[in-house]
Amino acid sequence: MISLNGIRKVFQTKDGPVAAVNGVNLKIKEGEIYGIIGYSGAGKSTLIRMLNMLERPTEGDVEVAGKALSKLSNNELRKARQEIGMIFQHFNLLWSRTVRDNIAFPLEIAGVKKSERDKRVNELIELVGLEGRGESYPSQLSGGQKQRVGIARALANNPKVLLCDEATSALDPKTTDSILDLLVDINEKLGLTIILITHEMHVIRKICHQVAVMEAGKVVEQGPVLEVFRKPKENMTKEFVKQITEPEETTDAIKQMLAEHPEGQIVQLTFVGEEAERPLITQLIREFDIEVNIVQGKITKIQKGSYGTLFVALNGQKKEVEKAITFIRNKEVDVEVITYA
Ligand SMILES: Nc1ncnc2c1ncn2[C@@H]1O[C@H](COP(=O)(O)OP(=O)(O)OP(=O)(O)O)[C@@H](O)[C@H]1O
Ligand SMILES: [Mg+2]
């Protein structure tokens, strides 16, 4: 559906050239929700803006829905862009137009007749849950509602692809969740391919199928969300995964547990599937002569299934504890021993 080959973007600045994106290759399948995560300045916005040629690559090819964008004439590019909607952190609405007229705007540009436009706007208002707000102005809406207008407008011309540049970064956590739910909803209902960029792992966890991690203009790691969460390879990725798996209190709790049981071991278990953890703990207690204490645990739902980490302290004789760890390893649960006392 989308493929980026050897994409580079170099900006000329007073201080010399800046390679904002420096050799990125990506493939995104139709119907996927593909997340790109990275810290500020990693090159995420520059990358996503090359997917609709708001930014032209210095090098490399961008292909969207079978079209090589860099080879199109201006006229062809205008057509191709109708297949690619985009939403922004600060919504970019037209403040002097009502909700209806904001949503109708891209239809006007595409030359859609008034009667058809009205019908389409009604459908879109319903799709994004803005019934009754059609005649409001953006300044009269909450942040979440403004982004719903942004989404409706982006979908007006039935695009195949939706680009989201930090679309939830200006919203509170609850509103963020409702907008993410809406994105999943339209992904499923319309089969829309969604590319979103964010600096929050929570957003990736909640709705993405695939994730790419960006650092200094490069993609340093990519894969299915579950796999990347289970076995992050790069340090950058590990930092992001920690955002959601390791609350601050964990370290304190581990320290305290070790102080109380200096002979014990603390292990971090990572598993997939909601039921997995309970029988395992019960079995450990039953089959080994050890004491098992849960230090901290967190199960997070992800787009496909669930993902959990559990920090447990295993206290007992060294040999028995080691036997228990071997037992866990054989259960297809990832085990990482945090500390040897
Ligand atoms: N038009 C421009 N001219 C010069 N440099 C630019 C331009 N746009 C971006 N850059 C530089 O390219 C790098 C990547 O910027 P970009 O905005 O793509 O990062 P980002 O990952 O989206 O960051 P953020 O999370 O802060 O939005 C930065 O060093 C930035 O200063
Ligand atoms: Mg950005």
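**Packing and backbone angles**

Analyst: This is a predicted model. Let us begin with one side chain and its surroundings: F229 touches M201, I204, R205, V241, I244, I302 and Y307, leaving aside residues up to four places away in sequence.

User: Which members of the largest nonpolar core touch the most other members?

Analyst: A nonpolar core joins buried residues through side-chain atoms within 4.5 Å. Here the largest such core holds 51 residues, and I151, L162, L183, I186 and F229 touch the most other members. Helix α6, residues 173-190, supplies the largest share of this core, with 6 residues. Another core, of 30 residues, lies apart from it and has I36, M53, L69 and L163 among its members.

User: Is M53 buried or exposed?

Analyst: The cut-off for buried is under 20% relative accessible area. M53 counts as buried because its relative accessibility is 4%.

User: What is phi of A216 near, and is A216 buried or exposed?

Analyst: Phi of A216 is near 45°, a positive value in a residue other than glycine. A216 sits in the loop between β9 (210-215) and β10 (218-224). Exposed means over 50%; A216 has a relative accessible area of 61%, and is therefore exposed.

Key:
Residues numbered from 1 in each chain as written. Chains lettered and ligands numbered in written order. Predicted model: local features only at pLDDT ≥ 70, side-chain atom pairs only at ≥ 80, totals over all residues. Heavy atoms only, no water. Buried < 20%, exposed > 50% of the residue type's maximum accessible area, 1.4 Å probe, protein only. Helix = DSSP H or I, 4+ residues; strand = E, 2+ residues; numbered from the N terminus. Contact = heavy atoms within 4.5 Å.
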